[in-house]
Amino acid sequence: MKKKEVMQADKKYHMNVYGDRIPVVAKKGQGVYLYDKDGTEYLDFTAGIAVNALGYNHPQVTKAIQKQAENILHASNLYYFEIQSKLSKLLVENSCANKVFFANSGAEANEGAIKLARKYFTKQSKDKYKIIATKDSFHGRTLATLAATGQEKYQKPFTPLPQGFDFAPYNDLEAVKDLIDEKTAAIIVEPIQGEGGVNPATKEYLQGLRELCDQKEILLIFDEVQTGVGRTGSLFAYQEYGVKPDIFTLAKALGNGMPISSILACGDVAEAFEPGDHASTFGGNPLACRAAYATLKIILEENIIDQVKEVANYFQTELAKLEDKYAIIKDVRGKGLMIGVELRVSVKQIIKQVREENILILNAGENVLRFLPPLIINKDHVTKLIETLDQILSELD
Ligand SMILES: *Cc1c(COP(=O)(O)O)cnc(C)c1O
């Protein structure tokens, strides 16, 4: 098919949930570069929305997938798999969790986390089921995770949603206190809100939530679907804050592009699910586990997180210089390689102009430029982006 035919067939045969997509037909990726079918090379600061942590086509991940495909792709969770056990062990040994469960997407992991929190109290015959979430959050598009997503535009067409969800403004501890009652089971929060505008939690907020949860017998759930697996300069963002959740979820970067997600539970919460409570046909299948195992091993053994810290430091310093230079920039925020730049204007046109210079970047809402590059990005790549932004902003200001 020609590039134009691909786009036309999409319009005709695929449900129109993605609207007018960016006119790129992604054909191949290598490292930090994405290649269009027409041959154009893009420097990619989106990493498949925080998925391709090690970049495209990482040789060891690709090899691991190839080798696994030659043996077995799937056989159902009726059986044991060595690679699933090894991945479970690796995650537990490198986090505060005692046990894990594997699913296939971020929404599914969060859905399972909500079920796990409710089951934890049901098992103790306690009538605690309410979940407190935050405004501007994003937890997924299944009905329960939509119910936990504090953005009306996503919820509205799908009411009635599952009951028991309340919302407090982000970073507002007092508002959470006001919502807590004896039926509150859990608080679910992103350590840094992603889709909601790249809003980092303050340390006091997450620490305060931890204390509140301890006092009131409430579970603290961190949605680390976007922040997890090295993105923020720690393996998990909760480590950045020094605040341990009872449950946290991973997805995006976990398989470096292979669909896999995980619920990780700490202490006795890890024992709440019993046989029959939860399951997934594809969840933790050996192909996905192999990719995740290879990805995590590389991140742990090849100093990727130190590199993230160093390049992120440079990136944020350079953005701060642009902020000083251009009044149109309202705020630069984020942690590690999860960075948002809030502008006083819509970012749509700027993203297009950056793309015309062969660099891909994201938005988060109307006014925020969002950068989620692969974790293997280097300073030269960042310099190229900064120079491009500088040029574009100078024409606007
Ligand atoms: C992307 C995202 C999700 C949803 O993940 P899917 O794999 O699209 O279901 C949930 N929570 C956060 C924080 C995310 O960034």
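1. Helix H5 (residues 106-122) contributes the most to the shell around the ligand, with three residues. Helices (H or I, at least four residues) and strands (E, at least two) are DSSP runs, numbered from the N terminus. The model is predicted: local features need pLDDT of at least 70, side-chain atom pairs count only at pLDDT 80 or more, and totals for chains, interfaces and linings use all residues. Residues are numbered from 1 along each chain as its sequence is written, and side-chain values use heavy atoms, with hydrogens and water left out.

2. Of the 13 residues around the ligand, those that come nearest are Gly-106, Ala-107, Asp-223, Gln-226 and Lys-252; a residue is near if one of its heavy atoms lies within 4 Å.

3. Polar contacts are pairs of N or O atoms within 3.5 Å. A polar side-chain atom of Lys-252 is 2.6 Å from an oxygen atom of the ligand. A nitrogen atom of the ligand lies 2.7 Å from an N or O atom in the side chain of Asp-223, and a nitrogen atom of the ligand lies 3.2 Å from a polar backbone atom of Phe-138.

4. Lys-252 sits in the loop between strand E11 (247-250) and strand E12 (261-265).

5. Lys-252 counts as partly exposed because its relative accessibility is 22%; buried means under 20%, exposed over 50%, and partly exposed in between (1.4 Å probe, protein chains only).

Technical notes: A polar contact is a pair of N or O atoms within 3.5 Å; within protein, one must be able to donate a hydrogen and the other to accept it, and residues adjacent in sequence count only if both atoms are side-chain atoms.
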